Protein chains: 2
Amino acid sequence: MDSPNSLTTVRAEPFNAEAPLTALQAPITATSLHFVRGNFALPDHDGRLTIGGAIANPFTLTLDDLCEMPRKELVVTLECAGNARLGQMPLPVGEPWTGNAVSTARWAGVLLSEVLEKAEPSADGVAVSFEGADHGPYHEHTDIHFARSLSLEHALDPAAEILIAYAMNGEPLNADHGAPFRLVVPRWYAVASVKWLARIDVLTAPFEGTFQTARYIYEWPDRPIQPVTLMRPRAKITAPAHGVTLRRGSYTLRGKAWSGSGPVTNVDVCLTGEGDWRAAELEPPAGPYQWQEWSFVWDLRDPGRHTVRARATDAAGNVQPESPNWNRLGYGNNAVELIYVQVQ
Amino acid sequence: MDSPNSLTTVRAEPFNAEAPLTALQAPITATSLHFVRGNFALPDHDGRLTIGGAIANPFTLTLDDLCEMPRKELVVTLECAGNARLGQMPLPVGEPWTGNAVSTARWAGVLLSEVLEKAEPSADGVAVSFEGADHGPYHEHTDIHFARSLSLEHALDPAAEILIAYAMNGEPLNADHGAPFRLVVPRWYAVASVKWLARIDVLTAPFEGTFQTARYIYEWPDRPIQPVTLMRPRAKITAPAHGVTLRRGSYTLRGKAWSGSGPVTNVDVCLTGEGDWRAAELEPPAGPYQWQEWSFVWDLRDPGRHTVRARATDAAGNVQPESPNWNRLGYGNNAVELIYVQVQ
């Protein structure tokens with residue numbers, strides 16, 4: 001059982017933890033209850049962000065430098081690519097996340113595109129790599145840094161609103177969330193939002209780092225490998241909690257829904273095993289990158305066990321599948337969530 | 001959360017309920033905690049069992065008649081064919097059983113084979129139908145009785161040790177468990193063990209009743225329909241409960257394992273997502289038809305979340321699959337059980 005006032009530890013070292021379900025009922029997740037994902041021990045960061053690679057104008061930024069640039073605030077829902085891994089069978093390797101490796105925070109920082117423009121990327125640049133200060137042994141590697149990349153086009157696009165963030169929910173970033181600064185990539189699974197950001201390099205060839213090409217990829221049993229990119233649509237049930245006992249009468253089911261491919265347009269609820277899906281009330285998005293609220297008034301008449309499923313559809317027409325799309329490393333499981341309650 | 005001292009209601013009317021996990025730790029399940037499955041309201045039973053159909057010697061038995069025949073006692077594990085239906089995705093129709101629709105009781109009664117011998121089945125008999133006193137509307141039927149069949153060969157086989165049982169754990173059968181008498185078919189999913197038994201008929205053609213041909217059949221997506229017969233091998237984890245918090249140190253995992261195809265020969269435990277299965281300690285069967293105890297001493301060293309899976313293999317070489325064999329009505333899901341614990 002999770003405690004409503006603290007994270008649930010999934011791994012102690014490095015610290016990985018899920019949000020308690022109750023924390024996901026708020027529009028913004030408290031910083032202390034925002035899920036935490038890390039591959040290595042908390043790093044020492046020297047406070048400098050180096051921009052290099054195939055650029056005309058290499059430079060280094062400090063937190064003070066960033067704070068002097070135009071400040072941008074965005075509310076962004078971040079979800080771990082391994083969220084709901086426990087729902088995949090056979091169980092894949094990796095952290096055993098249930099479904100609470102998702103949270104929403106108000107991030108402040110500067111636009112990555114503005115920093116990159118100042119660096120003057122070379123005409124033959126194709127990608128941008130982002131390296132964290134965090135490092136350590138990893139599988140066959142004795143010591144590697146966490147590093148990821150985006151296409152140069154994506155990184156340079158002001159409309160993508162990728163942040164180099166230095167504040168979270170109105171406070172400086174704390175150590176767990178990437179102090180002194182980190183990337184925040186809206187719409188993408190959180191792996192793209194590199195924490196403890198230390199280096200940005202423009203590359204003239206695709207980035208081949210371990211966390212880009214050997215992890216955070218969909219290894220399908222019957223299809224070519226694909227990279228993990230946008231968050232898939234998902235509706236999360238935040239009330240009631242799985243397995244609780246409810247009294248007969250009216251109960252308002254509540255939850256969140258989000259997708260990296262555009263706003264969620266429908267959340268449907270199924271209260272039987274028969275497949276009769278019914279439309280939930282869905283709030284319009286409060287911003288382009290954050291989850292939406294949904295609710296459904298349920299008339300609980302019969303004592304016994306009742307199942308609840310909720311399913312999101314996004315503006316791009318993507319619908320949650322009813323069973324997981326299994327892949328070897330257990331990413332992107334956005335199968336419809338099933339809970340049950342006991343009605344007295 | 002289930003209560004250790006009472007059944008968990010899955011449906012109130014007709015009454016369907018699961019055993020609490022703690023009740024499954026005992027070798028014999030207390031009658032009040034034995035799972036209950038029924039398709040119709042509790043019937044009025046007139047106290048008579050009529051043996052008819054293609055036989056030379058039709059007759060009727062009362063409870064007194066049965067009690068005067070040689071008494072046979074057997075410890076039998078019964079499992080609902082829909083047990084663990086909730087683990088199948090997409091969720092099939094039917095009662096939403098988790099994994100606790102299984103129990104073990106000491107049954108007393110007379111051998112079905114002895115009763116049938118007295119009836120002198122005709123030479124062209126092929127099947128025996130068993131009809132309960134329970135009846136009611138069911139899908140397109142306005143009023144049908146619960147009824148199932150076995151092959152005549154199976155029903156007549158003294159070695160199959162099929163009971164017409166009138167006592168459970170040393171007491172007369174109670175209403176929920178089929179008073180005044182019921183069938184108990186060892187090794188088979190419990191659907192075969194017809195409760196409130198009212199009629200036994202020898203048939204010269206296969207039985208075509210609804211509960212034989214339209215329900216309790218495996219409707220595979222890609223294979224021909226099969227009848228639900230023997231219990232598939234399963235290892236159940238009875239301690240710890242899913243999701244509990246444990247302290248670091250030594251913890252003894254415990255559970256039960258059973259199969260309708262013969263004794264369980266191995267229970268293996270996997271404590272990671274990596275697939276390194278390790279042999280658990282497995283007790284030999286205490287009898288031919290009852291679950292076996294298994295245990296595994298686990299050294300809990302690292303704080304955080306840890307998954308546990310347990311997998312049974314039976315003497316016929318059947319092994320639990322790692323993911324459910326989905327079928328439309330959700331029967332026979334014996335996929336490896338996964339729980340996790342939080343270690344402090």
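The model is predicted. Chain A can be laid on chain B with an RMSD of 0.0 Å, using a turn of 180 degrees and a shift of 0.0 Å along the axis. The two copies are thus related as by a two-fold rotation axis.

**Where the chains meet**

- The contact draws 29 residues from chain A and 29 residues from chain B.
- On the side of chain A that touches chain B, strands E1 (8–11), E22 (304–314) and E23 (337–343) of chain A each supply at least two residues.
- Sorted by class, that side of chain A holds 14 nonpolar, nine polar and six charged residues.
- Of the interface residues of chain A, 100% are also interface residues in chain B, so the copies meet through the same surface.

**Strand E22 of chain A and its partners**

- E22(A), one of the strands that supply the contact with chain B, has nine of its eleven residues buried, so it is largely enclosed by the rest of the structure.
- Strand E18 (residues 264–270) of chain A is joined to E22(A) by six bridges, and the two run antiparallel.
- Within this pairing, A:Val269 has A:Ala310 of E22(A) as its bridge partner.
- E22(A) also pairs with E23(A), again in the antiparallel sense, over seven bridges.
- Here A:Arg305 stands opposite A:Gln342 in E23(A).

**An open sheet in chain B**

- Four strands of chain B form an open sheet in the order E15-E17-E21-E20, with antiparallel pairing.
- Strands E15 (234–239) and E20 (281–282) of chain B stand at the edges with a single partner strand each, so one side of each is left without a neighbour in the sheet.
- Strand E17 (residues 249–258) and strand E21 (residues 292–300) of chain B pair over nine bridges, and B:Leu253 stands opposite B:Phe296 in E21(B).

**Backbone details in the loops**

- A cis peptide bond, with omega about -5 degrees, joins A:Glu13 and A:Pro14; A:Pro14 sits in the loop between E1 and strand E2 (16–18) of chain A.
- In chain B, B:Met89 and B:Pro90 are joined by a cis peptide bond with omega about -5 degrees, and B:Pro90 lies in the loop between strands E5 (72–79) and E6 (102–111).
- A:Arg187 is not a glycine, yet has a positive phi of about 80 degrees; its place is the loop between strands E11 (182–184) and E12 (197–203) of chain A.
- A:Arg187 counts as buried because it has 20 C-beta neighbours inside 10 Å.

Conventions
Residues numbered from 1 in each chain as written. Chains lettered and ligands numbered in written order. Predicted model: local features only at pLDDT ≥ 70, side-chain atom pairs only at ≥ 80, totals over all residues. Pairing = 2+ DSSP bridges. Contact = placed C-beta atoms within 7 Å. Nonpolar A, V, L, I, M, F, W, Y, C, P; charged D, E, K, R; others polar. Least-squares fit on C-alpha atoms with pLDDT ≥ 70 in both. Buried ≥ 20, exposed ≤ 12 C-beta atoms within 10 Å, placed from the backbone.
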